[in-house]
Structures are given as C-alpha cells and as structure tokens.
Amino acid sequence: MDYRNGRGQDTSSVGPPQRPPSSFVEQANVTDEGIYEAFEENWPACWERAAALLEWDEAYDDVLDEEDAPFYEWFTGGKLNASYNCLDRHLEAGRKNHAAIIWEGKRGESQTYTYRELFVKVNEFAAALRDLGVEEDDVVTIYLPMIPELPIAMLACARIGAPHSVVFAGLSADALATRMDAADSEYLVTCDGYYRRGDAFNQLSKADNALLSLEQDVSTVVVDRLGEDLPHVLGDRQYDYHDLVAEHAGETVDPVSRGSEDMLFLMYTSGTTGKPKGVVHTTGGYLSYAAWTTRAVLDVEPNDTHWCSADIGWITGHTYIVYGPLALGTTTVMYEGTPDYPDRDRLWEIVDRNAVDVFYTAPTAVQAFMKWGEQYPNQHDLSSLRLLGTVGEPISPRPWRWYYEHIGDEECPIVDTWWQTETGGITVTTLPGIKSMKPGAAGPPLPGIDARVVDDDGESVSPGESGYLTLHRPWPGMARTLYDGDEQFVEEYWRQFSTPDDDEWVYFSGDAARIDDDDYITILGRVDDVINVAGHRLSTMEIESAILGVSGVAEAAVVGGNGGSSGTDVYAYVSTENGAEPGPSLAAAVTASIESAIGPIARPEEVVFTSELPKTRSGKIMRRLLEDIASDEELGDTSALRNPEIVGEIQAATRDE
Ligand code: WT7
C-alpha cells in the first residue's frame with residue numbers, strides 16, 4: 001500500500017473557495033451553520049433526524065449499538081418497510097397522482113409513473129414473486145438494464161422482505177454466475193434483451209449461460225423488452241414478466257415489517273482480491289441515510305424533479321435514483337440511453353422538457369460535455385436547474401468551472417460528493433446551503449461523519465500532506481458486513497488502522513487523499529489493487545486472472561493509467577510463453593477473455609506485450625512503474641528493479657500503439 005500511488009488529478013490545482021449562489025442559499029433545505037456543531041455535541045443521537053424522515057412501524061430502542069463493533073447496528077429494535085416508505089405513505093399523504101418516476105427510453109419514448117401507478121405495479125410484482133415461492137430473506141438477483149421493471153422489481157423485493165442483488169446489465173454471464181453463486185440466489189429477474197446503439201442486444205442468452213454453471217435451481221422472470229425485434233423462447237422454470245403480473249392484476253401485498261438491521265439489499269463490488277464482495281446494506285440505517293443525504297446534500301424537496309444519471313446497477317443509482325428520492329416522495333428521472341444519442345444535446349433536452357431541478361452525474365460525463373462544446377446545452381432552457389452534483393471520481397477545476405458556467409449558469413452550487421458502495425450514501429462533500437465550494441476538493445466531512453487523512457501509523461497528517469482517507473466513527477448508511485464474509489469484512493476495511501484493544505475502530509476507504517486547513521478533502525485515487533474507471537470499480541486481480549486464462553500468456557499485470565484520455569483507463573501488460581506470438585490476434589483474445597469474465601466496461605485501452613514484466617529483486621511486479629508508463633509520466637525510482645533494461649522496451653511498446 002502506498003498513498004503516493006494515488007492518482008486522479010493534480011492536487012496543487014484546487015481552485016479558490018467560492019460561495020454558493022445566494023439565490024440557492026435562500027431556499028436551501030439545510031442552512032443552519034450550527035448543524036456541524038449540533039451533530040458533534042449530540043452524537044450519535046443526532047442521527048435521529050435521519051430516522052425521522054421515515055415512517056417506522058415500531059419505534060427503535062437505541063440509535064446505535066456498538067457492542068459488536070465493527071459490526072455496528074443502527075436504530076435497533078425498530079421496524080419498517082422500505083417499499084412502504086417509498087410508496088404507501090405518499091399515497092396516504094395525498095400525493096397519489098404525483099409523478100414518482102419519469103422514465104426516458106433510448107428510442108425517445110417516455111413514460112411517467114405516478115406514486116399510485118408505481119404502487120400498483122410494485123404490488124402486482126410482489127404478489128407474483130411470492131407466488132413463485134420467494135420468501136422473506138431469499139436473495140433475488142436482478143439483471144436488468146435501465147427499464148422501469150428494474151426499480152419495480154427492487155421495491156417488490158423490499159415489500160416482501162427479500163433482499164435484492166442487482167447486477168449491472170452490462171456485466172458478463174460469468175460475472176452474473178459468480179454473484180448468484182456467492183449469494184446462493186435461486187431467483188433471477190432479467191429481460192430478453194435491450195437496445196444498444198439502436199441494435200437489439202440479447203440479454204437472456206447471457207443469463208442462460210450464467211445459469212448453466214450454477215448448482216442451484218433458479219426460477220427466472222423474463223421481461224419482454226424487445227417484442228418482435230428479438231423473439232425468444234422461455235425454458236424450464238422461466239416465466240414471462242407480463243404474464244405473471246397479469247395473473248396478479250390489482251392484487252396488493254402487505255408490506256412485511258422488517259427489523260431495522262434486516263438486510264435490504266446486497267451489492268457486489270470489486271475488492272482487492274479477484275472475488276467480488278457482497279456488500280450488505282440494511283433497512284433502517286441505509287434508508288434513513290439515503291433520505292437524509294438526498295435532502296441535505298442534493299437539496300431535494302418533494303416537489304422537485306431529481307435526475308441522477310447513473311445506472312441503477314451501481315450503488316449511486318440505488319441510493320440516488322431509487323431509495324433516496326422515492327423515500328422523500330419526489331419525482332425521480334430514470335434515463336435508459338447514452339448522453340450522445342440521438343445527439344449530443346440529449347441530456348439537456350431531457351432537463352428542459354422535464355424542468356429538472358437537480359442534476360447529479362459523473363466527472364467523466366462533464367469532461368465529455370466540455371469536449372463537445374457549449375452549443376449543445378445552449379440549445380435548451382436549463383433555468384429549472386437549482387443544484388448540480390458529481391460523483392465517482394475527482395473533478396478537476398476546469399471541467400468544474402465549465403459545469404458551473406454552462407450547465408448551472410452560475411446559479412447552481414456544485415456538490416462534489418465522495419462516497420463508496422460501502423458507505424451507502426454521501427459522506428464527504430459541502431453542504432450546499434452553508435459551505436463554500438473549492439473546485440477540485442470534495443469538501444469537508446458531512447455533519448456527524450469523522451473523516452480524516454492519516455499516515456501509515458494512523459495519525460492525522462498535516463494540512464497539505466497526503467495520506468489515507470479513513471472514517472473514525474460509524475454512520476447509519478454504512479455497510480454492515482460482507483455477505484457470507486464477516487471475517488473478510490474486518491480484514492478488508494477495519495484491520496489497517498483500528499486498535500481494537502483500545503476499542504478504537506477505524507474504517508479504511510482504500511483511497512488516498514489530502515486535507516487542507518479548512519478540513520476540505522481532495523481525493524487522490526485508490527491505493528489498493530482497484531482501478532476506478534469512469535466511476536466503476538474494477539479489481540486488477542480479477543482482470544489479470546481473466547488474462548492468464550488465455551493460452552500463450554505467461555504473466556500479466558493490469559494497472560490504471562490516464563495516458564490517452566482525461567479519465568482512467570485499463571492498461572494490460574502481458575508477457576507471452578515461449579513460442580506464443582505476441583500480436584493483434586493474441587491482444588484480441590486477451591480483450592475477449594476480459595469481456596467474457598467481467599464485461600465490456602473492463603475492456604483495456606491497450607494490451608501491451610513485453611518479453612518480461614518489470615520486477616523487483618524479490619520478484620514482485622513493479623506496478624507503480626507500469627502506472628507511470630501508462631500515464632505517460634516521469635518514471636519514479638527504478639533502482640530496485642532486477643531487470644531495468646526492460647523499461648525502455650515497455651515504454652516504447654506503450655507509446656507505439
Ligand atoms: C470509489 C468508490 C458511490 C460513488 C460511486 C462509485 C471514488 C467516489 C469520488 C469523488 C473522487 C471518488 C473513490 C471511491 N470516488 N466519489 N467525489 N471524488 N473519487 O462507488 O464503485 O463504490 O467506488 O470511487 O475512489 O473509493 P464505488
């Protein structure tokens with residue numbers, strides 16, 4: 001582990017502080033500066049205000065139970081149902097005809113679901129799932145693209161107390177199989193296929209392939225998304241979604257009252273090992289935290305139209321498309337397509353037509369908008385926007401300014417939000433109605449969050465220095481454990497900096513960061529074997545093991561680099577076995593193997609062949625050096641290398657491509 005390894009951006013370039021526009025501040029949800037101190041003085045009871053955003057079937061006894069730290073419990077003894085909180089209570093509050101989801105399809109079609117309509121759909125599918133045999137605590141895997149059945153299925157699971165495990169639709173059959181196997185999941189909700197760049201793309205065949213390798217029997221529900229464009233035949237234990245819900249038309253299902261600490265969902269993410277980790281989120285703490293941060297940070301109000309442009313297949317979409325906005329009773333936009341189809345003004349056309357209030361996206365997207373030019377946003381009226389956000393990667397001051405000027409018209413604050421699958425919701429950012437923004441720095445920890453930047457000994461570093469980003473206090477949205485992996489949970493996150501003997505538990509994020517005099521934190525990137533590509537976490541080991549499966553490959557090292565573009569890309573360095581021919585066909589086989597193990601998101605920017613990988617005298621591959629080469633940066637110290645002569649060859653081969 002080496003925090004100097006952290007990559008992302010030039011940290012000397014954090015911009016000067018800037019006050020949020022006063023027009024925003026005047027109406028913000030949270031404006032009382034005293035909130036930071038109030039949380040300090042009253043911790044952990046301060047978190048009651050998050051829980052108070054929900055309706056509980058039974059009040060909780062304790063805000064926080066630290067007895068089994070780091071297996072913390074929140075709002076223990078309380079009971080609630082997430083789907084009730086996202087649906088029923090809004091009907092009761094007279095908002096039945098208020099729009100819950102505005103779905104914007106890939107082909108220009110669009111569909112609005114009011115809270116009542118969503119309630120009906122969720123209930124019908126919940127009844128169908130029950131009928132299929134799904135019981136409380138059965139894990140239901142959902143492998144769907146951005147179509148309305150995805151949040152409907154999630155809420156239907158939540159209604160009957162069955163944890164969902166959503167697998168991003170772009171992941172491969174192997175990746176789906178690994179996740180279903182790890183979760184012992186016997187239910188799958190998928191679709192026949194979906195449109196990708198105008199073509200019909202077969203999803204069911206991927207799902208079928210995944211099922212072939214599973215030991216358990218699986219019942220599959222298939223949404224017919226493509227109709228005539230992709231005829232399909234249902235096999236054994238496969239059911240058509242529309243037939244199932246038609247059988248249960250008009251039925252309602254009582255929401256199952258879940259314990260606060262009962263699992264709401266599982267979300268697999270990449271860790272340092274080759275095996276994906278099943279991050280467990282619970283009902284009371286997660287939902288409270290999702291609602292609280294949506295309200296306090298994204299400034300969402302019930303009458304807003306909120307648009308988070310992430311995919312629901314990742315945590316960002318879970319928290320800020322589905323659970324946060326719906327818990328607050330707001331209107332959430334769900335977009336199936338890409339930003340540049342049919343044209344590069346597509347997103348702004350959607351903002352304009354729906355009068356979107358809050359827009360939350362990834363820095364890579366902002367970089368792309370900036371590259372395309374302001375003529376695209378300028379074609380539309382974006383004056384409905386009130387707040388902008390970014391998530392997933394650092395945003396440099398230049399795209400930050402561009403976003404501020406050309407999308408926000410200098411009227412919208414930008415929140416640069418740092419968090420992770422494991423934190424459940426935003427943990428480090430500015431409260432937009434209170435704090436100044438510093439372009440390039442995410443901001444200070446949120447009230448109640450004790451984020452620090454520490455050195456190898458766990459001591460806070462001085463302002464301006466880099467170190468490891470750690471969280472020194474629990475928070476309601478935190479992951480409770482890894483599915484089937486309590487020990488691994490402690491190992492991955494709590495071993496590095498905790499001193500259990502003194503009862504001090506410290507959560508390690510895996511990120512390098514720097515902190516300034518005002519406690520503003522700038523994220524420098526991952527320090528472990530995880531690469532963050534456009535906000536998607538990929539494990540280098542997982543990619544390497546896919547490469548090693550290709551015949552002719554002797555050794556492989558995968559690193560993240562930003563040589564070619566503004567963001568981080570995957571670079572694969574491969575040495576071949578004697579007799580194997582390095583060249584385009586082997587490179588294609590390497591790429592194909594990665595795509596089949598993980599999916600197209602892990603596709604390498606470059607596959608570089610070399611006769612040997614750079615190694616230390618003890619035989620360790622020197623990844624840091626490969627990262628420097630991939631990023632076209634000056635090379636660090638190479639004196640520890642056993643084979644320094646190889647460096648020039650690798651550099652030449654990387655640049656050659
Ligand atoms: C990793 C978490 C939940 C966010 C979406 C990705 C990086 C996240 C920022 C930010 C710089 C960021 C970190 C983190 N990251 N937000 N505002 N600035 N880096 O969730 O897949 O769990 O990835 O994304 O490296 O550890 P994830």
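Trp475 is buried, with a relative accessible area of 0%; here buried means under 20% relative accessible area, exposed over 50%, and partly exposed in between, with a 1.4 Å probe and protein chains only. This tryptophan sits in the loop between β22 (466–471) and β23, and its C-alpha atom is 8.2 Å from that of Thr423, 52 residues away along the chain. Please keep in mind that this is a predicted model, in which local features need pLDDT of at least 70, side-chain atom pairs count only at pLDDT 80 or more, and totals for chains, interfaces and linings use all residues. Residues are numbered from 1 along each chain as its sequence is written, and side-chain values use heavy atoms, with hydrogens and water left out.

**Annotated domains**

- According to an unreviewed UniProt entry, residues 35–86 carry the annotation "domain: Acetyl-coenzyme A synthetase N-terminal"; UniProt positions follow the numbering used here, feature names are shortened, and annotations may be inferred rather than shown by experiment.
- That span, residues 35–86, is 31% helix and 19% strand, and its end C-alpha atoms lie 27 Å apart. Helices (H or I, at least four residues) and strands (E, at least two) are DSSP runs, numbered from the N terminus.
- UniProt also places "domain: AMP-dependent synthetase/ligase" (unreviewed entry) at residues 94–480.
- For residues 94–480, the end C-alpha atoms are 35 Å apart, with 30% helix and 22% strand in the span.

**Salt bridges**

- The whole structure contains 31 salt bridges, each defined as a side-chain nitrogen of Lys or Arg within 4 Å of a carboxyl oxygen of Asp or Glu.
- Arg386 and Asp357 meet through their side chains in one of these, at 3.9 Å from N to O. Arg386 lies in the loop between α14 (375–378) and β19 (387–391) and Asp357 in the loop between α12 and β18 (358–361), so the pair ties together parts that are 29 residues apart in sequence.
- Arg386 counts as buried because its relative accessibility is 13%, and Asp357 is buried at 16%.
- A network of salt bridges links Asp299, Glu301, Asp304, Asp357 and Arg386.
- Asp518 pairs with Lys438 in a salt bridge whose closest N and O atoms are 2.7 Å apart. This pair links distant parts of the chain, 80 residues apart: Asp518 is in the loop between β24 (507–515) and β25 (521–526), and Lys438 in the loop between β20 (414–417) and β21 (451–454).
- Asp518 is partly exposed at 45% relative accessible area, whereas Lys438 is buried at 9%.
- Glu555 and Lys615 also form a salt bridge, 2.7 Å from N to O. Here strand β28 (residues 553–561) supplies Glu555 and the loop between β30 and α19 supplies Lys615, linking distant parts of the chain that are 60 residues apart.
- Glu555 is partly exposed, with 28% relative accessible area, and Lys615 is buried, with 12%.

**Surface charge**

- A patch of negative charge on the surface gathers Asp181, Asp184, Glu186, Glu215, Asp484, Asp486 and Glu487.
- Patches are made of residues with over 30% relative accessible area and no salt bridge, with like charges joined within 9 Å and nonpolar side chains (Val, Leu, Ile, Met, Phe, Trp, Tyr) within 5 Å.

**Backbone details**

- Most residues other than glycine have a negative phi, and most peptide bonds are trans.
- A cis peptide bond, with omega about 5 degrees, joins Ala69 and Pro70; Pro70 is in the loop between β1 (62–65) and β2 (73–76).
- The bond from Tyr341 to Pro342 is cis too, with omega near 0 degrees, and Pro342 lies in the loop between β17 (331–335) and α12.
- Helix α12 (residues 346–354) has buried residues Arg346, Leu347, Trp348, Ile350, Val351 and Asn354. After α12 comes Ala355, with a positive phi near 50 degrees.
- Arg237, in the loop between β11 (219–223) and β12 (238–240), has a positive phi near 55 degrees; this arginine counts as partly exposed at 38% relative accessibility.
- Asp632 has a positive phi near 60 degrees and lies in the loop between α19 (623–630) and α20 (646–656).

How values were computed:
Areas by Shrake-Rupley, 256 points an atom, 1.4 Å probe, with all protein chains shown as cover. Lys, Arg positive; Asp, Glu negative; His and termini not counted. Charge placed at Lys NZ, Arg CZ, Asp CG, Glu CD.
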